[in-house]
Amino acid sequence: MRAAIIATTFLVMGGLLLGCGAAARGPASIDELRRMVEERPDDVRARAQLGIGEYLANEGDPAQAQELLSDALEGEVSLPGASLMLALIDHFQGRPTPALSRLMQVLDDCATTPQADCAPVTEVASAALSELADITPGFNERVNAALPPLLGDGGSNLGAATRFQIGMVLMTSALRAG
């Protein structure tokens with residue numbers, strides 16, 4: 001399961017980074033992303049794209065990714081892809097508690113403020129939750145408090161796959177609790 005989530009994550013994040021679809025052509029290389037940020041240093045979306053690229057691209061510098069993503073998220077713009085990437089970096093680097101917080105925040109933000117890139121981001125975020133179940137202190141309590149409203153009207157902007165995965169996480173949590 002972990003390998004599948006990681007593979008899906010890289011595909012989704014790569015797609016968001018490179019702007020999948022005919023209407024959304026994005027930079028094709030990490031060098032183009034770096035040039036874009038040099039030309040537009042105040043563009044938080046460009047900084048977020050570069051942060052994702054630095055972490056995922058073969059020629060990228062993963063050490064720079066977290067700083068770029070954090071800087072991009074300090075603004076008022078909602079960047080679910082950047083938030084998801086930070087959550088995954090936290091998870092991959094052994095910080096499950098902040099990873100869980102970020103994943104649940106991504107789900108909540110997209111549930112209340114729909115954006116074009118929310119669907120693939122929330123699918124990965126909801127699937128990644130199950131990865132944290134056994135390694136995050138207080139996981140059951142936190143998901144049981146935060147996720148049920150997302151299955152009601154509060155999560156009406158979430159897609160069926162995301163809502164299904166959230167339901168699975170909640171059912172598994174209930175089974176673990178006895």
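Modeller: What follows goes through the salt bridges and then turns to a helix. This is a predicted model, where local features need pLDDT of at least 70, side-chain atom pairs count only at pLDDT 80 or more, and totals for chains, interfaces and linings use all residues. Residues are numbered from 1 along each chain as its sequence is written, and side-chain values use heavy atoms, with hydrogens and water left out.

Side chains of opposite charge can pair when their charged atoms come close. Here a salt bridge means a side-chain nitrogen of Lys or Arg within 4 Å of a carboxyl oxygen of Asp or Glu. The whole structure holds seven salt bridges.

Take Glu54 and Arg34. Their side chains form a salt bridge at 2.9 Å, N to O. Glu54 sits in helix H3 (residues 44–56) and Arg34 in helix H2 (residues 30–39), so the pair ties together parts 20 residues apart in sequence. Helices are DSSP runs (H or I, at least four residues), numbered from the N terminus. Glu54 has 5% relative accessibility and counts as buried. Arg34, at 27%, is partly exposed. The cut-offs are under 20% relative accessible area for buried, over 50% for exposed, and in between for partly exposed (1.4 Å probe, protein chains only). A network of salt bridges links Asp31, Arg34 and Glu54.

Next come Asp71 and Arg47, which meet in a salt bridge at 3.1 Å, N to O. Asp71 belongs to helix H4 (residues 62–73) and Arg47 to helix H3, so this pair ties together parts 24 residues apart in sequence. Asp71 is partly exposed at 29%. Arg47 is buried at 19%.

Then there is Arg176 with Asp134, a salt bridge at 3.3 Å, N to O. It links distant parts of the chain: Arg176 is in helix H10, and Asp134 is in the loop between H7 and helix H8 (139–146), 42 residues apart. Arg176 is partly exposed at 41%. Asp134 is exposed at 66%.

Now the helix itself. Helix H7 (residues 118–132) and H10 pack at about 15°, with axes 9 Å apart. Axes are lines fitted to C-alpha atoms over the stretch in contact, and angles run from 0 to 180 degrees between N-to-C directions. H7 and H10 are therefore roughly parallel, a term for angles under 35 degrees. Met168 is also found in helix H10 (residues 160–177). At 32% relative accessibility, Met168 is partly exposed.

Conventions:
Helices (H or I, at least four residues) and strands (E, at least two) are DSSP runs, numbered from the N terminus. Angles under 35 degrees count as roughly parallel, over 145 as roughly antiparallel, 65 to 115 as roughly perpendicular and the rest as oblique.
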